[in-house]
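Good morning, and thank you for coming. Please look at the structure on the screen while I go through its parts in turn.

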Amino acid sequence: MTSTIAAYPGGKHTLAPLLVRFMPNLSRNISGFGGMANEILAMPQRKIRIYNDKDKDLCILLSCFAKEETRVKLFHEILKYEYCKENFMELKAKTSSGYYGQVEIWVYAAWVWYTLLVSRDGGREAYSKDKDMEMGKNFQHRIMGKKWDLMRLEGIGVWNKDIYDLIEEEIQNPDGNQTFYFLDSPYYGNKASYKYNMVSDFDHNLYCKSLVKLKGAIMVCGYDNNNLYDEILVKKHGFKKIKLGLYAVTMGYHQRGEKCKLETECIWINY
Ligand SMILES: C[S@@+](CC[C@H](N)C(=O)[O-])C[C@H]1O[C@@H](n2cnc3c(N)ncnc32)[C@H](O)[C@@H]1O
């Protein structure tokens, strides 16, 4: 299994090797809700790989990983920081107003990456206390351990669009029928701390009704109990539903020592 950029609410790091088996071999691939790009890291090389996320901070981080020059500077920069609460609080505050050219882009990307790595479940909200990391050099080793795997992000395109705009544009795109759309939205009813979320029945209704207009191959992720997807995607539009098995719920915090809740992960595909 490849390394992940960082833990993340709803991140598909564990599931990605299985998801890849169900992905079609098309030359153009778009990940509509990119997060930590776990599916891109796991999939075989493709001619065109596009990462999209509405969260601009994540797009800044991913665009630095996508080019060798900025990736090297980003690693150099993040290795300056020890694992500690003071650094977390400082960099969380420094990223709270977003990027407006205050420092070089890879310096800002390092701040974003640090807040992901050092926060609880990658939520960028609360500090994740870790005595071993705080005492030694394990944090730097952990980061260096990601270096080779994250080179797989070289050359990806990075978009910072709202999924509804992306879908509207792709419906008009003549390359759309040669495209694989991987759609791992925030799940219906989730409790994650995303900057942009999709939680309600209204959001997911609108989302499903738009995505079915795409002309390429589509894979949608969600939990088995999502009747809305069954109604719209399966019954009305002939998608197949595949149950992948029980996995830990990661969209929301769990307390230390608390047992992880499990849910059945599913995909809905139109091919
Ligand atoms: C479940 S996560 C994706 C996880 C990703 N597959 C991974 O393994 O790392 C959902 C992502 O959707 C993004 N998002 C939320 N609303 C969005 C919208 N309207 N358009 C595009 N991205 C959105 C969030 O910022 C979040 O990063």
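I begin with a definition that we shall need for the helices: an axis is a line fitted to C-alpha atoms, for a helix over the stretch in contact, and an angle runs from 0 to 180 degrees between N-to-C directions. Please also keep in mind that this is a predicted model.

With that definition, consider helix 4, residues 68-78, and its packing on helix 6. The angle between helix 4 and helix 6 is about 55°, and their axes are 8 Å apart. Helix 4 is therefore oblique to helix 6. In handedness, helix 4 passes helix 6 in a right-handed crossing. Which residues of helix 4 make the contact? They are Thr70, Lys73, Leu74, Glu77 and Ile78, and from helix 6 the contact takes Ile105, Trp106, Val107, Ala109, Ala110, Trp113 and Tyr114. By class, this contact of helix 4 with helix 6 comprises nine nonpolar residues, one polar and two charged.

Helix 6, residues 105-117, also packs with helix 5, residues 85-94. Here the angle is about 130° and the axes are 9 Å apart, so helix 5 and helix 6 are likewise oblique to each other. The crossing of helix 5 with helix 6 is left-handed. On the side of helix 5, the residues are Asn87, Phe88, Leu91, Lys92 and Lys94, and they meet Trp111, Tyr114 and Thr115 in helix 6. Four of the residues in this contact are nonpolar, two are polar and two are charged.

In what order do the seven strands of the open sheet lie? The order is 3-2-1-4-5-7-6, with mixed pairing. At the edges are strand 3 (157-159) and strand 6 (240-248), each of which pairs on one side only. From one strand to the next, the twist averages 20°. Within the sheet, strand 5 (residues 217-223) pairs with strand 7 (residues 262-269) in the antiparallel sense, over five bridges.

Finally, the domains. Domain 1 consists of 1-54 + 161-271, and domain 2 of 56-153. Their C-alpha centres lie 24 Å apart. How many residues does each domain give to the contact? Domain 1 gives 19 residues and domain 2 gives 18. On the side of domain 1 that touches domain 2, eleven residues are nonpolar, seven are polar and one is charged.

Technical notes
Residues numbered from 1 in each chain as written. Predicted model: local features only at pLDDT ≥ 70, side-chain atom pairs only at ≥ 80, totals over all residues. Domains from an automatic or database assignment. Contact = placed C-beta atoms within 7 Å. Nonpolar A, V, L, I, M, F, W, Y, C, P; charged D, E, K, R; others polar. Helix = DSSP H or I, 4+ residues; strand = E, 2+ residues; numbered from the N terminus. Parallel < 35°, antiparallel > 145°, perpendicular 65-115°, else oblique. Left-handed = near helix turned anticlockwise from the far one by under 90°. Pairing = 2+ DSSP bridges.
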